Amino acid sequence: MDPYDQFFYESIPFPETHPRHLASLGRLFGLETADPERCRLLELGCASGGDLIASAWFSPDSELLGIDLSHGQIARGRELIRRLDLKNIELRQGDILDLDQRLGRFDYIVAHGVYSWVPAPVREHILVLSRQLLRPGGLLYLSFNTLPGWRMRGMLRDILLYACRDADDASTRLERAHAALTRLERSLQQLDALSARYLREEIAQIRKAPPSYLLHEYLAGENNAFLFSEFLGDAGRAGLRYLCDAELAGLFPSTFGEAVEDALADIGDDMEVEQWLDFVGARNFRRALLCRDDARVEDALSLDIFAGFAFSSALVPPPKVDLRRSKPISFREPDGTPVAVRHPLTRALLLEMHARQPDLVPLETLLSGASERLRRVGAGQPAGDREGCLMELFSLFCHRSVSASPRGRSFGQTICHRPAISSLARGELAAGQRHLSTAQHGSLDLDPFSRLLLLHLDGGNDLEALCDRLCAEIRGGVLAPPGGVGTGGRLRGRVAEECRGLIGLFARCGILDSGASAKY
Ligand SMILES: C[S@@+](CC[C@H](N)C(=O)[O-])C[C@H]1O[C@@H](n2cnc3c(N)ncnc32)[C@H](O)[C@@H]1O
């Protein structure tokens, strides 16, 4: 039985595979990429379509096709498509090896988490087929495990494969692998050797990931890693040209510090620099973007083109943002990671983006709002500021703290008196998903409180009614009280506070129904 039919892969949207991100990167290199809101996209190895279905729902003018070998996963995805009544997406069960030009041409082709996990003939066909199916300005997104960095991860794979050597079915393999991880954790806890520290970190990462990741990454029958240069050769022979990685920061030696910049300064060839950066950073995974080898592209990135994009950011500002001085202050990623921002104008731009989340807003519009913020606090704008701010914004984009699109996009999120969630969110909840897809093509993990709140956001409950229901459920033992309060007098205030915070978060994620209008 197909291992993916035995145990489904947890299929979620990845922001770096979205046509908005791909189109932006392509255009920075001078490629005439298709409008990301009106494009034709193919995903090879789409599992149950978690990445594609969200795209189809948020971009109704695009046409999406997903192919996967696993009958069960395709059936699950089709069920959600039927529930959402989407007409612009199709999921097909099939083998990549059987695909050919009859599929037609595509603006974007995505193969995420597939290339390293299939045998050589399938890998070769992915490259050849993609070259045949890409339109002239088209882009292929292809991720794969890289050498030599992956060899470190391979150490854990060897241990886990040993632990599962006599087990065939997926659940026994998972059980044995978890038992081995627990034994390893216990054994390593007091060791300070480099290998012990590395394994501890890897195990902590695995513990955070869904079980399907452990099964299909570490215990997969096929798991092949490649040198970047080897991959470039294979892609080139298929008529594809490497453009960049979906995460731009890794392209620049400066990301790794001055010592790396100095040590690699005499390498003239950009591809060799990238190969060396893989060595230096012990990189184990790449997200390569490739175009046709007959496409016209520029070697250098254009900041002028970047300035024409629309932007959005989930960075959370500190409670008080100094818009006068250039001393770096920390904004935070949603997971709490601090991000230093130096320029007052960049800070004002990020405040604008925060206020307009999840919309993608053209830079010129953001700049006028940001200038107004600076004016209100009496901060001037030296002439050089815009240039410096643009460089800083570009750096934030390279590190994925800011997302971009060649065109603006509003998601119509207004928090109204009786909020309702979107049909996509309702469908995903009904399908039992542990996460919801967001407007920026990410995913929001749900805890029991937010799940129950979402179920009550049906357009019929105001804040009072939501609190009544949730407090009753907490007192009835259905739900744990939020933030450790008991079931006494403070409960209602705490529940109301939690609801307000979460509804704001749902709006920033584009999860609310955009039809509602009355203010909250
Ligand atoms: C690791 S999963 C990745 C799924 C998805 N792209 C993602 O990143 O969430 C790999 C997928 O490739 C599919 N697959 C493997 N070999 C295939 C083939 N020859 N033809 C079509 N799909 C294949 C598997 O069924 C599985 O769903």
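A polar contact here is a pair of N or O atoms within 3.5 Å; inside the protein, one must be able to donate a hydrogen and the other to accept it, and residues adjacent in sequence count only if both atoms are side-chain atoms. This is a predicted model, where local features need pLDDT of at least 70, side-chain atom pairs count only at pLDDT 80 or more, and totals for chains, interfaces and linings use all residues. Numbering runs from 1 along each chain as its sequence is written, and side-chain values use heavy atoms, with hydrogens and water left out.

View 1. The side chain of Glu43 puts an N or O atom 3.2 Å from a ligand nitrogen. Over at Asp68, a side-chain N or O atom sits 2.6 Å from a ligand oxygen. On its own the ligand has 600 Å² of accessible area (Shrake-Rupley, 1.4 Å probe), and the protein covers 94% of that.

**View 2. The shell around the ligand.** Count 17 residues around the ligand (a heavy atom within 4 Å), with Gly45, Asp68, Asp95, Ile96 and His112 the closest. The shell splits into 8 nonpolar, 6 polar and 3 charged residues. Nonpolar covers Ala, Val, Leu, Ile, Met, Phe, Trp, Tyr, Cys and Pro; charged covers Asp, Glu, Lys and Arg; the others, Gly among them, are polar.

**View 3. The protein behind the close-ups.** Along the principal axes, the C-alpha atoms fill a box of roughly 65 × 60 × 55 Å.
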